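Hello,

Here is the structure I promised to pass on. Please open it first, then read my notes below.

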Amino acid sequence: MNPAAITVEGVLRSFRGKTAVDVERLELRPGRTLALLGPSGSGKSTLLSIIGLLERPDTGRVLLDGAVVTPRDTAARLSMAAAFQRPYLFKGTIADNVAYGLRLRRVPASRVAALVSESLARVGLPGWESRSALTLSGGEAQRVALARAIVLEPRVLLLDEPLASLDPLMKWRLARDFDSILRQSSITTLYVTHDQDEALTVADDVAIMREGRVVASGPVDEVFGLPVDEWTAGFLGMEPAIRGRVVEVADGVAGIDCDGVMLYAVAAVKPGEAVALGVRPEDVLLFEADVEIPISSARNHFEATVTEIVASGATFRVVIERGSVRIAARISRASLADLKLAVGVPVRALFKATAVRVAST
Amino acid sequence: MGIFIDAFRDGLAMLVSGATDVWTIILVSVQVSGVAVLLALVLGIPAGFVLGSKRFIGRRMMLVIANTGMGLPPVVVGLVVAMLLSRRGPFGNLELLYSQPAMVIAQLVIALPVVAAVSAAAVSAVPRELRLQARSLGASRFQEAFMTLKEARMGLIAAVAAGFGSIISEVGAVTMVGGNLAGKTRVMTTAIVQYTRMGDYGPALALAAVLMGMVLVVNILLTSVQSSAERYER
């Protein structure tokens, strides 16, 4: 594996005696997008400032491509660029804004115009160079802020809640655009957000922060699929991991006994192994309890009882239980009404073996 | 109205004829106030930048001093500077009293707090996050400061106008430390006072017209700079 583009080691930062960041180790792998996810006040932005060499930690160090760097290291600072929650555009034209970092890097004026045009085209604003930067909508301004950062082709791009101040429609349109722009540019990116859907859209890897610490990190599927503890599960809108023991493995599919409920997962485990399981609420389908489930590619189906229904934005999070197996399903308001779901109602749950994340315990 | 017409005719004739004493007065005024404004800008804008953008112990007190300084009565400044430069004062050995440098010092003391306080207000209106944004794009401390001043340019133009306005029409302090010596420390304001006392309205009106013209030209200049900055910001 390539060495990490950024490594954070033993970083501690306190404000007035209160620990804001306490991270033992965190890596950003080259060319990938790491989402730093956590609730407000969990230390995400402070960690971004430290990684971006905008702030010095009390202890610990930041390594860029294996070399220790500090805010005094001009070359390292020039290899990074950031965009924040609010676009913070300078007075002047859009071209002036996008060219700002290029001019700091003494890029010849003859190349600046071409690079600015190219960058604006990449963020979907071709030909906007001469417009004033102060008359843009939130989404347009954020695109300019992104263009201003990516035009520098930074080694590391830092995005701090770049979509948080936008309306939901603009937010999702821009999240998809950001994802495609970041993938095309292959820039190593640290993407701070408190919104897990946004993280799921743009990130390859995710690190979850709580009270200054990284409590879980790894590829998105792993971290989102199997919460490491109750808090993380709650934060991700999932139920804590289900405990079970592998009883059979055939053709790569493991049969796991979870307190009398047999669940199937595609996992490299051995019979007799104690494991923890998790399934994303989006992957769980609910049916009426008495319906006959037709033969399908979904290996897991069992009857359970609804124990909790919580509204979550435009959808509902329905928790079902059977014995010690407790999982959540995310369903629409229409489905909730059609199924006549309420606490105590029996339902049948269905999900694929590939949707189940498994870890040895 | 005859008095005005006569004075206007006399004054105009004096200016057109190039009467040496009138033009010397104008030149001394421009020299003294020009140097004082320049020094006030050189010292006041950086001071305003520090007061407006940095957080340090004593900042609040310095802001109070700068803001109070904006309302400093020129005669008080004149009195203190005169005492400091007098033979028995701590800087008496420099023998600056009744000289142009003494007038520059007095005008500088009047203009400096004005420039510093207005600059500080302009700089503090630039969001801290904008400076962080500049840093995050690779700006050095100096480049960050330059960006901040550029963002605050409208306020800085106001600081220049306020600084210039506070001294060009000032009469009390320059009289006290300059002494109104003909050909040496006599400036437009002190000369206008003197000519008026003598009932010599012609040269007084001529100098008043030049003074007004000068204020008008400088303000037209600053307003046009401000307008072009406004257009750029729109």
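A contact here means heavy atoms within 4.5 Å. On that basis, 66% of the contacts in chain A with a separation of 6 or more join residues 24 or more positions apart. Keep in mind that this is a predicted model.

Chain A in outline. It has 10 helices and 20 strands. Its C-alpha atoms fill a box of roughly 70 × 45 × 45 Å along the principal axes. Of its 361 residues, 53% are buried. The accessible surface is about 16,100 Å², and carbon and sulfur atoms hold 50% of that. Chain A carries 42 positive and 43 negative charges, whose mean positions lie 7 Å apart.

Next, the cores. The largest nonpolar core has 138 residues. Ile6(A), Leu47(A) and Leu207(B) have the most contacts inside it. Helix H5 of chain B, residues 100-124, gives the largest share, 12 residues. Another core lies apart, with 33 residues, including Ile242(A) and Val275(A). Back in chain B, Leu207(B) touches several residues beyond its neighbours within four places in sequence, among them Val22(B), Met188(B) and Tyr195(B).

Last, one strand to look at: E14 of chain A, residues 274-279. Five of its six residues are buried, so E14(A) is largely enclosed by the rest of the structure. Strand E11(A), residues 242-250, runs antiparallel to E14(A), joined by four bridges. There, Arg245(A) stands opposite Ala274(A). Strand E20(A), residues 356-360, also pairs with E14(A) in the antiparallel sense, over five bridges. Val358(A) is the bridge partner of Leu277(A).

Best wishes

Note on methods: Residues numbered from 1 in each chain as written. Chains lettered and ligands numbered in written order. Predicted model: local features only at pLDDT ≥ 70, side-chain atom pairs only at ≥ 80, totals over all residues. Heavy atoms only, no water. Core = buried A, V, L, I, M, F, W, Y, C linked by side-chain atoms within 4.5 Å. Buried < 20%, exposed > 50% of the residue type's maximum accessible area, 1.4 Å probe, protein only. Helix = DSSP H or I, 4+ residues; strand = E, 2+ residues; numbered from the N terminus. Pairing = 2+ DSSP bridges. Areas by Shrake-Rupley, 256 points an atom, 1.4 Å probe, with all protein chains shown as cover. Lys, Arg positive; Asp, Glu negative; His and termini not counted. Charge placed at Lys NZ, Arg CZ, Asp CG, Glu CD.
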